[in-house]
Amino acid sequence: MPVQALFKPFHLGALELPTRVVMAPMTRSFSPGGVPNSKVIEYYRRRAAAGVGLIITEGTTVGHIASNGYPNVPQFFGDAPLAGWKKVVDAVHAEGGKIVPQLWHVGSVRRIGTEPDASVPGYGPSEKLKDGQVVVHGMSRQDIQDVIAAFAQAAKDAQNIGMDGVEIHGAHGYLIDQFFWEGSNQRTDEYGGSLANRSRFAIELIQAIRAAVGEGFPIIFRFSQWKQQDYTARLVQTPEALGEFLKPLSDAGVDIFHCSTRRFWEPEFDGSELNLAGWTRKLTGKPTITVGSVGLDGEFLQFMVNTDKVAQPASLENLLERLNKEEFDLVAVGRALLVDPDWALKVREGREQDILPFSREALMTLV
Ligand SMILES: Cc1cc2nc3c(=O)[nH]c(=O)nc-3n(C[C@H](O)[C@H](O)[C@H](O)COP(=O)(O)O)c2cc1C
């Protein structure tokens, strides 16, 4: 099947992507002190040079004391980190690519002892104690407003340094998703209870970002059914419920939905072949990004635990069929692009035999 569908430009307002290939956000932990350095700049530049239309950066933390959960994650606040990101933006633009930061708050996943201030516990929708000590601080209304303000400021800073939009990390059991999911949100105020209430935090956050950046600056929202705390968890069980979940997010100002699944070919609901991105496009009328094992024969979470498994390159047939049918608009590629900066170029030129397999070793270096 011809691969051209992946290399057609995409337009949305002022956003013009040269190709449909999106680099999925992947935490790399190569930014000591929270600052993206020359190696990080080069890492993103290479992907843009080889035909990635849109780079979504690794998760980068907003300016709140508890936003970070892991070592050497780049920040999206403070002079030095933003100056580092500006160099990334300029390098990607010089290659004709586009780039958005993935704005991140890990919420209750944070552990005491984590940088930058080791004394700060996780912050989440609901308090958690362990041996009498607060390990997750249950967020007050003021905390909620502080985090929303931090996201809005980060989006404004993204715009100021020339980023092409922002992606909000609303997936995988991190803070925003902790509010969405009844398994982690036990609040009894207006931010807990019904799914509409559990979505209130995300809706206010999107509205605040839109107010900060104005019309025309793309907001991408990433969400997932699965949680790192429970791979089988689901926010919604039916297309109707998915529509009800997405509508207020869409109305609040989302331009593109990034629908995170582990295997893009899996139907989201019985009775239709559509995947999560397919349903989301159909229900909201907004463009969507699909993701999950594109070009590889094994899904990603098994590689996060110690394993010597190798994911081999796999056919793009099913993906191209769906893209041609306009089930979704854009295709995010994670590990295949992590291990091989030239993945898009090789696909475009029909050099399948040169595409590299993925193994855990690839995580150790930034090529
Ligand atoms: C090393 C690694 C780091 C990741 N970090 C993030 C992240 O910071 N934010 C995020 O939303 N997803 C993250 N993911 C998930 C990817 O964006 C993507 O959804 C997942 O890898 C599935 O795509 P793939 O099968 O093409 O790798 C990460 C995945 C990997 C492999």
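Two strands are said to pair when DSSP finds at least two bridges between them. That idea is handy for reading this structure, which is a predicted model.

**The hairpin and its neighbour**

Let's start with β7 and β8. These strands form a hairpin with two residues between them, and within the turn D131 has a positive phi of about 50 degrees. Strand β7 covers residues 128-130 and runs antiparallel to β8, joined to it by three bridges. One place to look is K130, which stands opposite Q133 in β8. Strand β8 also pairs with β6, this time in the parallel sense, and there G122 stands opposite V136 of β8.

| Strands | Sense | Bridges |
|---|---|---|
| β5 (98-104) and β9 (166-169) | parallel | two bridges |
| β6 (122-124) and β8 (133-138) | parallel | three bridges |
| β7 (128-130) and β8 | antiparallel | three bridges |

**The barrel**

Now for the barrel: eight strands close up in the order β3-β4-β5-β9-β10-β11-β12-β14, with parallel pairing. From one strand to the next, the twist averages 25 degrees. Another helix, α8 (residues 276-284), lies across β10, β11 and β12, running at about 150 degrees to β11.

**The largest pocket**

Which residues sit closest to the centre of the largest pocket? The pocket has a volume of about 880 Å³. Of its 39 lining residues, P25, M26, T27, F300 and M304 are the closest to the centre. The elements giving two or more residues to this lining are β5, β14 (330-333) and α10 (335-339), and α10 provides the largest share, three residues. Sorted by class, the lining has 22 nonpolar, 12 polar and five charged residues.

**A look at S359**

Finally, S359 is found in strand β15, which spans residues 358-359. Is S359 buried or exposed? Its relative accessibility is 19%, and buried means under 20%, so S359 counts as buried. Setting aside neighbours within four places in sequence, S359 is in contact with K309 and V310.

Notes
Residues are numbered from 1 along each chain as its sequence is written. This is a predicted model: local features need pLDDT of at least 70, side-chain atom pairs count only at pLDDT 80 or more; totals for chains, interfaces and linings use all residues. Side-chain values use heavy atoms; hydrogens and water are left out. Helices (H or I, at least four residues) and strands (E, at least two) are DSSP runs, numbered from the N terminus. Buried means under 20% relative accessible area, exposed over 50%, partly exposed in between (1.4 Å probe, protein chains only). Contact means heavy atoms within 4.5 Å. Axes are lines fitted to C-alpha atoms, for helices over the stretch in contact, and angles run from 0 to 180 degrees between N-to-C directions. On a 1 Å grid over the protein atoms alone, a cavity is a set of points where a 1.4 Å probe fits but cannot get out, and a pocket is an open set with protein on both sides within 12 Å along at least five of seven lines; lining residues have an atom within 4 Å of a point. Grid points are joined across faces, edges and corners, and a volume is the space filled by probe spheres set on the points. Ala, Val, Leu, Ile, Met, Phe, Trp, Tyr, Cys and Pro count as nonpolar, Asp, Glu, Lys and Arg as charged, and the others, Gly among them, as polar.
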